[in-house]
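Colleague: I am new to reading models like this one. Please show me how to go through it.

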Amino acid sequence: WWQIFVVVLVGYSAWSSPFELAFKKAATGLLRPVDLAVDALFAIDITLTFFVAYLDKSTYLLVDDHKKIAIR
């Protein structure tokens, strides 16, 4: 469910970012907290990615070493 939620957030960012860039105006009013929440959720997603093991394609073992995850 998390990946679907992130896809929705990406869709919102893909929709709102061109307007902000084209009109050179940041979100105001109700959209400002929404934009900040989306940014915070992206930061949480990046942080959580460092704690998720992945399957090594050559050995078929789960890699859970944080340094190896970060390099990947």
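**Reading the model**

Modeller: Start with one residue. T28 is exposed, because its relative accessible area is 55%. Buried means under 20% relative accessible area, exposed over 50%, and partly exposed in between (1.4 Å probe, protein chains only). T28 sits in the loop between α1 and α2. Helices (H or I, at least four residues) and strands (E, at least two) are DSSP runs, numbered from the N terminus.

Colleague: What should I know about the source?

Modeller: This is a predicted model, where local features need pLDDT of at least 70, side-chain atom pairs count only at pLDDT 80 or more, and totals for chains, interfaces and linings use all residues. Residues are numbered from 1 along each chain as its sequence is written, and side-chain values use heavy atoms, with hydrogens and water left out.

Colleague: What is the mean pLDDT of the protein chain?

Modeller: pLDDT is the predictor's confidence in each residue, from 0 to 100. Here the chain's mean is 85, and 99% of its residues reach 70 or more. Among the elements, helix α3 (residues 66-71) has the lowest mean, 82. Strand β2 (residues 62-63) has the highest, 90.

Colleague: At what angle do α1 and α2 pack?

Modeller: Axes are lines fitted to C-alpha atoms, for helices over the stretch in contact, and angles run from 0 to 180 degrees between N-to-C directions. Helix α1 (residues 2-23) and helix α2 (residues 31-49) pack at about 135 degrees, with axes 10 Å apart. That makes α1 oblique to α2. Angles under 35 degrees count as roughly parallel, over 145 as roughly antiparallel, 65 to 115 as roughly perpendicular and the rest as oblique.

Colleague: Which residues of α1 meet α2?

Modeller: Contact means heavy atoms within 4.5 Å. In α1, W2, F5, V6, L9, V10, Y12, S13, S16 and E20 take part. Their partners in α2 include L31, V34 and D35.

Colleague: Is Y60 buried or exposed?

Modeller: Y60 counts as exposed, at 62% relative accessibility. Y60 lies in the loop between β1 (54-55) and β2. Its phi is near 60 degrees, a positive value in a residue other than glycine.

Colleague: How far apart are the C-alpha atoms of D65 and F51?

Modeller: They are separated by 8.6 Å, and the two residues are 14 residues apart along the chain. D65 is partly exposed, with a relative accessible area of 35%.
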